[in-house]
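Subject: Structure for your attention

Dear colleague,

Please find below the structure that I am handing over to you.

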Amino acid sequence: MSYPQPPPDPGDPYNQRPQGDPYNPYAQPGTPSGGYPAADPSAGSLVPYGQGPQTGGWQAPYAPVPENDTVLTTIGDIAITQTTVITPAGRIPIKGSTWTVTDLTHTTQGIATTGIVLAVVSFLLFAWACGLGLLGLLFLLMKEEKITGNVQVTVQGSNVYHSTMIPAKGMETITQVTQSVNYARSLGSA
């Protein structure tokens, strides 16, 4: 089944035959052959990335860094100096910053891998040597706890909000992150 074509309209640019460049029939009028517009002399020269000001995309507010302001500690992608919190979202004065730590971890308990290996080895060894192979099954009572998840740290102040997630490898990760945030809070209150 085919549908009838609409009547041609002389003002409709989509029903007109392209003219101009024979190699690119869809080129816009005034565009030279090849499809690229002519260089604008008022636009300036091309500058390699990182050697000039940022020309596109979102740019964080820039504040000059004092010469004696060294990074004291980091929490994920947040850097903390004596006077400033540096985040990818911008800089925040350490005084007046608000910190939040959220423990998003969970603990699972299961049979330890070491226990399984010892049970198999002792079963084979005792069954072959003295017929007491079932004694090795006691190794299956060995348990281990695994901590998985993340610790979320948020900081906000002076119209800047940033959140970061730190993967938890154990209880020591949670303790270390909490101690680092408490250190940052103490810098802000001093």
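How many residues does helix α2 have, and how far does the helix reach from its first C-alpha to its last? In this predicted model, α2 spans residues 171–189, which makes 19 residues. The distance from its first C-alpha to its last is 27 Å, close to the 27 Å expected at 1.5 Å a residue.

Which residues of α2 are buried? They are T173, I174, V177, S180, V181, A184, L187 and G188. These residues lie on the same side of α2, because they cover an arc of only 150 degrees around the axis. On the other side of the helix, E172, Q179 and S189 are exposed.

The next point concerns the cover over the buried side. The elements that cover the buried residues of α2 include the strands β1 (73–75), β2 (78–80), β5 (98–111), β6 (143–157) and β7 (160–167).

β5 and β6 run antiparallel and are joined by 14 bridges. In this pair, D103 stands opposite V151 in β6. β6 also pairs with β7: the two run antiparallel, with eight bridges between them. Here N150 stands opposite P167 in β7.

What do β6 and β7 form, and how many residues lie between them? They form a hairpin, with two residues between the strands. In the turn, S158 has a positive phi of about 45 degrees.

Yours sincerely,
A colleague

Terms used. Residues are numbered from 1 along each chain as its sequence is written. This is a predicted model: local features need pLDDT of at least 70, side-chain atom pairs count only at pLDDT 80 or more; totals for chains, interfaces and linings use all residues. Side-chain values use heavy atoms; hydrogens and water are left out. Helices (H or I, at least four residues) and strands (E, at least two) are DSSP runs, numbered from the N terminus. The expected span of a helix is 1.5 Å times one less than its number of residues. Buried means under 20% relative accessible area, exposed over 50%, partly exposed in between (1.4 Å probe, protein chains only). The arc is that of the directions from the helix axis to the C-beta atoms. Contact means heavy atoms within 4.5 Å. Two strands pair if DSSP finds at least two bridges between them.
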